[in-house]
Amino acid sequence: SLLPSLNQWQGCLAGVLVGDCLGFPYEVIRFKKMFPHTIEFIEDDLEKIKIRQMIPYVRRVKKTPTKPAKGARVTSTPTLATTSGSGETCSERQYTDDTSMTITFAKFLTESNDSLDYVDLARSFSAEFIVDVPKSRGYGPGVKKLLTKFDEVNFKNVFQYATETFKGQGSMGNGSGMRISPVALYTLNDPDRFRLVDITIDSCRLTHTHPEGIFGGIFQALAVRQALLFGAKKDKPSAIEFLDAFETEFKSVLSSKATSKRVAAYQSGYQIYQDKIDVIKKFLKGGPSSWSLQKIKEELGNKVVSSKSIPTALFCFLASFQEIDFIHTDNHFQRAITLAFALGGDTDTIGGMTGAICGAYVGLDDFPENFVQSCEASGKILNVAEQLYRKCNNSTEV
Ligand code: F2R
Ligand code: MG
Ligand code: MG
Ligand code: MG
């Protein structure tokens, strides 16, 4: 079968960016006072969200209004427009910790030799965090403390501190999943397909040692890999076929000789994800009439913890294989991230993780026009994706 293309690699990382940047405003609704530059209000009752209502909650720059060139399209659809309803021009949408850590991780993988030095990764995360401080990127509180601590102790024993967070339980925040997609890219062509598990565990362990945090990272990394592989196939699978193949792969992490020892210490984090896979299966088999935004929130979740957001992202991608009556677009990528936003809660991260999976599947060319360009650092993330692609495919051609 065909190899996943550069278009898919770029779709994956640009998917994180777009889901994060466009999803973030829906989250900050809850923190309105903390973000004085965000204005207007969309209805809190997310069940009632119509596409029209998803437009206005954007960051605006009042000082430098620029008019689009005559005849230029500001956006491909009325949804998620780059100008607000009142005609003011918006700045690029700001990215958050999700994108920042993804870019840092992808760069680290691009620039490393084969033996990855996780102290270096800790250094890079910390350095970027310090750059990010004045920009309010919304890092999780546990990770914020850790990245500061690493710097204070001059990167000695970096693996020690994460185990001490959250009263010694370690973090189960979804930061393990939000930044992991570069690992799926990096290990795609590795003859040892379970290297994905090793790198996921070791990179997560810097900040997330709770078993559910670790398995969340593995879940998302495998979902992205599956999307890359199935997206490259000529015969596209159904959503159920995708899920079945994913489930087999996810199960094999626990049972296979190659990985069972490695994940043994985190085994207790597995079952909650298996239960979520069963919920996803139930919703997909029952079709759109079997689920609602409320049911997704209750049974899959929309929260900042891994188990209540990472499977939700996979569902948003899979549910969008078919039309959704309250989301008015024919575009798979747009439908998937819009579903993620409509859930409310941790919209930047569920949006970003949905975007990573769906972007890896459809490829950058299938994103709606201007979605990537309307985000901060779009050129940077496409460039990082290309560098990583070239490194991992020994390729100089596109
Ligand atoms: N920080 C945010 N959003 C604003 C705050 C949200 C608010 N706390 C809420 O509840 O809605 N977004 C960014 O944080 C998420 C990624 O977080 P990360 O990197 O995993 O950080 P952290 O601090 O380790 O964990 C985040 C929260 O998860 C809960 N949590 C983690 N471990 C826990 C445990 N063992 N027991 C109980 N709760 C645990 C805590 O609430 C942490 O604060 C992304 O959404 C990113 O966008
Ligand atoms: Mg964020
Ligand atoms: Mg978030
Ligand atoms: Mg395509």
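This is a predicted model: local features need pLDDT of at least 70, side-chain atom pairs count only at pLDDT 80 or more; totals for chains, interfaces and linings use all residues.
A charge sits over a ring if NZ of Lys or CZ of Arg is within 6 Å of the ring centre and within 35 degrees of the ring normal. Residues are numbered from 1 along each chain as its sequence is written, and side-chain values use heavy atoms, leaving out hydrogens and water.

**Exercise 1. Find the ring over which the charged end of arginine 137 sits.**

Step 1: Go to tyrosine 95; the charged end of arginine 137 sits over its ring, 3.8 Å from the centre.

Step 2: Now try lysine 233, whose charged end sits over the ring of phenylalanine 230, 4.7 Å from its centre.

**Exercise 2. Work out which parts the pair of phenylalanine 250 and tyrosine 270 ties together.**

Step 1: Rings of Phe, Tyr and Trp (its six-membered ring) pair if their centres lie within 6.5 Å; planes under 30 degrees apart count as stacked, over 60 as edge-to-face and the rest as tilted. A search of the whole structure finds 22 aromatic pairs.

Step 2: Phenylalanine 250 and tyrosine 270 are stacked, 5.1 Å centre to centre with 15 degrees between the planes.

Step 3: Helices are DSSP runs (H or I, at least four residues), numbered from the N terminus. Phenylalanine 250 lies in helix 9 (residues 239–255) and tyrosine 270 in the loop between helix 10 (257–263) and helix 11 (271–286), so the pair ties together parts that are 20 residues apart in sequence.

Step 4: Both phenylalanine 250 and tyrosine 270 are buried (under 20% relative accessible area, with a 1.4 Å probe and protein chains only).

**Exercise 3. Decide where the buried residues of helix 3 lie, seen down its axis.**

Step 1: List the buried residues of helix 3: Tyr118, Leu121, Ala122, Phe125, Ser126, Phe129 and Asp132.

Step 2: Look down the axis of helix 3: its buried residues fall within an arc of 130 degrees, so they line one face of the helix. The arc is that of the directions from the helix axis to the C-beta atoms.

Step 3: See what covers them, by contact (heavy atoms within 4.5 Å): the cover includes helix 2 (97–111), helix 4 (141–152) and helix 7 (195–204).

How values were computed. Chains are lettered from A and ligands numbered from 1 in the order in which they are written. Helices (H or I, at least four residues) and strands (E, at least two) are DSSP runs, numbered from the N terminus. Buried means under 20% relative accessible area, exposed over 50%, partly exposed in between (1.4 Å probe, protein chains only).
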